[in-house]
Amino acid sequence: MNWYHILALVALVACIVMFLGHFIRLIRLGMPKDKAKAQGSTPAGIRYAYINSMMPQHKESAYLHLPTYAAGIIYHLGTFLSLLLLVYSLINIFTHWAMPEVLGWIIGGCLLISTLCGLGVLIKRLVKRELRSFSNPDDYISNGLTTIFQAITALFMAFPHLPAIEMVYFIISVLFLLWFPLGKTRHILYFFFARLHLGYFYGRRGTWPEH
Amino acid sequence: MARTLDAMKQIDPVKREKALALLADISDSKLRTHLNSCVRCGLCATSCMYYDTFHEAKYIPAVKVDIVASIYKRYNTFLGKHAPKLVNARPLNEETAEEMVDLLFGSCTMCGRCVAHCSIGVDISYLVHKGREMLAEMGMVPASLQSTVDAAVQTGNNMAIPVEEYTDTIEWMEEELQDEVEDENARIPLDEQDCNIFYTLNPREPKFFPLSIKAMAKIFYAAQESWTLSTKYYDVTNYGYFNGNTAEATLIARNLHDEVLRLKGKRLILGECGHGSYANRWEGPNYLGHSYEFDMITAVELMKEYIDSGRIRLDKSLNSEPVTIHDPCNLVRNGGMFNTLRYVLHASCSNIIEMNPYGNDNHCCGGGGGQLAMSEYNERRLGIGKIKADQISKSGATIVITPCHNCVDQLLQLNHTYKLGVKIMTVAEIVANALIL
């Protein structure tokens with residue numbers, strides 16, 4: 001085990017602890033204590049919020065911006081895949097399981113596509129004057145770091161035996177893990193609570209599900 | 001505006017602390033969730049009438065979220081406290097407050113269209129309201145909006161209509177009703193106890209549109225309903241919801257609630273008013289801290305009940321002109337009334353043409369969020385209303401129906417400004433027109 005392995009493990013623990021802090025706080029705070037009489041079904045509204053209302057045909061933010069929407073979906077899938085692979089890589093420090101080369105190349109290829117999508121989103125923020133006008137360093141750091149994390153994950157999956165890549169991979173992972181719960185990247189957790197509250201709101205009122 | 005600008009010269013530190021305390025609210029997870037969720041993707045821009053009309057970045061809903069979230073971050077998050085520039089964490093000072101007034105009061109109708117379309121699901125209207133609450137704590141509510149609330153608090157109705165003027169109008173409408181239905185026993189009861197229905201009005205009705213009172217009275221007459229109006233607390237509106245002053249909103253809601261109890265009304269029927277229905281039905285019990293002791297529904301729901309039960313009979317051929325429906329945001333998108341409203345109107349009209357978009361996706365008329373009461377922003381309000389005016393024009397309808405008197409007022413102004421040449425009616429008016437007596 002190298003020093004960067006240890007750093008990565010420590011960063012992962014720190015990341016989990018910080019996210020757990022956010023999570024436990026939200027759970028303890030609970031849902032609003034609404035005294036108004038419901039006219040719709042809250043569970044149905046919540047289900048609708050997570051599934052139907054997320055479909056591109058239901059959201060202007062999706063159907064009016066299909067390229068950005070598609071890039072965003074691929075980018076997020078890439079982030080989730082990279083996180084899973086990071087956990088795998090950390091476990092693999094101890095198990096030394098050799099991933100088949102073909103699988104490594106396939107994963108690397110997929111992550112290359114998601115990296116390009118992340119890069120596209122970043123470029124859009126840099127190029128579009130209006131978007132730039134209300135962006136802050138967190139937007140660029142979160143987007144940039146996540147994109148680099150995916151890119152280096154792709155490289156590491158494709159070339160797992162190159163020590164330099166391995167070291168850079170774990171160092172970037174450390175940076176990513178430490179920023180993850182602090183920057184706007186923490187929306188990975190808050191997103192699910194936002195949908196929950198939205199489903200609760202529209203469900204109680206009978207607006208969702210839409211028939 | 002003068003009052004607001006004066007207040008901005010220096011924020012009272014005690015009031016500032018109270019405003020900041022609102023962001024540290026730990027009564028539930030909703031506020032914390034929405035303050036931490038926006039990723040500033042900017043895809044909400046085209047859902048907002050202000051942005052669609054003026055094409056300025058400051059009108060993007062994410063910017064409105066950001067100004068509230070940036071203050072939250074400054075005082076409540078690790079990076080905001082220690083590296084504020086990194087996350088655009090801003091202090092609550094005069095400059096920020098001035099920007100908040102313009103963005104949260106002057107550039108948002110709280111219609112919630114951006115909420116439904118947000119890629120994350122951030123409740124932007126809720127955060128705008130939270131920002132308004134902060135401004136209210138600091139005494140920075142636009143003067144015209146505050147005067148509307150003051151009138152409601154001091155007189156019981158937001159237009160400060162004297163009781164005598166109001167009762168004269170009601171008596172006049174009662175005579176009109178008797179003439180129309182040819183029955184001298186037809187009544188518009190005032191202050192009667194133990195009635196099945198306690199009905200409420202938007203003060204614009206007795207002040208400017210009394211015929212809508214007569215229309216609803218005709219429906220009650222046809223349904224042989226036991227009902228009453230109050231002479232003191234009949235106002236369904238609650239601009240305390242819009243000015244962000246929860247204490248004032250609570251007082252206004254309590255006045256109405258207590259009046260229903262005083263007159264022993266069995267059901268509170270919320271007259272045709274979007275925000276009034278929202279503030280009473282969805283916020284009232286939370287303001288007062290308990291569920292209401294009586295049933296509370298909107299006038300449109302009551303009309304549906306009458307149609308369903310056969311208590312009123314309608315001939316929709318009596319309304320054969322092409323009509324279109326304007327969906328008030330607080331009744332439809334934020335109130336779940338889409339199907340109920342369609343049910344009543346399809347039973348009353350034979351030629352309905354929907355606007356595009358409509359229903360839960362409909363555009364605000366431009367008068368929501370208290371905009372109609374804020375003369376400071378009249379130009380903007382009429383500017384964004386062009387979207388609705390264009391929708392109406394494209395529909396080809398000659399009548400626009402909406403169950404909200406504030407919407408009626410804005411639509412009348414749009415009708416005049418954009419020369420639409422349409423007639424604006426409430427649901428009660430169109431239903432009354434189709435009644436078979």
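A search of the whole structure, a predicted model, finds seven cavities of 30 Å³ or more. The largest cavity holds about 140 Å³ of space.

**Largest cavity**
- The lining of the largest cavity is made up of 18 residues, and those closest to the centre are B:C329, B:N330, B:G368, B:C404 and B:C407.
- Two helices of chain B, α16 (274-288) and α20 (405-417), each contribute at least two residues to this lining.
- Sorted by class, the lining of the largest cavity comprises nine nonpolar and nine polar residues, with no charged residues.

**Packing of α15(B) and α16(B)**
- Helix α15 of chain B, residues 246-262, packs with α16(B) at an angle of about 105°, and their axes are 9 Å apart.
- Because angles of 65 to 115 degrees count as roughly perpendicular, α15(B) is classed as roughly perpendicular to α16(B).
- On the α15(B) side, the contact is made by B:T246, B:A249, B:T250, B:A253, B:R254, B:L256 and B:H257.
- On the α16(B) side, B:N280, B:G284, B:Y287 and B:L288 make the contact.
- The residues of this contact comprise five nonpolar, five polar and one charged.

**Residue B:D66**
- B:D66 lies in helix α5 of chain B, which spans residues 61-76.
- B:D66 has a relative accessibility of 7% and therefore counts as buried, the cut-off being under 20%.
- Apart from neighbours within four places in sequence, B:D66 is in contact with A:F134 of chain A and with B:R40, B:K73 and B:N88 of chain B.

Conventions: Residues are numbered from 1 along each chain as its sequence is written. Chains are lettered from A and ligands numbered from 1 in the order in which they are written. This is a predicted model: local features need pLDDT of at least 70, side-chain atom pairs count only at pLDDT 80 or more; totals for chains, interfaces and linings use all residues. Side-chain values use heavy atoms; hydrogens and water are left out. On a 1 Å grid over the protein atoms alone, a cavity is a set of points where a 1.4 Å probe fits but cannot get out, and a pocket is an open set with protein on both sides within 12 Å along at least five of seven lines; lining residues have an atom within 4 Å of a point. Grid points are joined across faces, edges and corners, and a volume is the space filled by probe spheres set on the points. Helices (H or I, at least four residues) and strands (E, at least two) are DSSP runs, numbered from the N terminus. Ala, Val, Leu, Ile, Met, Phe, Trp, Tyr, Cys and Pro count as nonpolar, Asp, Glu, Lys and Arg as charged, and the others, Gly among them, as polar. Buried means under 20% relative accessible area, exposed over 50%, partly exposed in between (1.4 Å probe, protein chains only). Contact means heavy atoms within 4.5 Å. Axes are lines fitted to C-alpha atoms, for helices over the stretch in contact, and angles run from 0 to 180 degrees between N-to-C directions. Angles under 35 degrees count as roughly parallel, over 145 as roughly antiparallel, 65 to 115 as roughly perpendicular and the rest as oblique.
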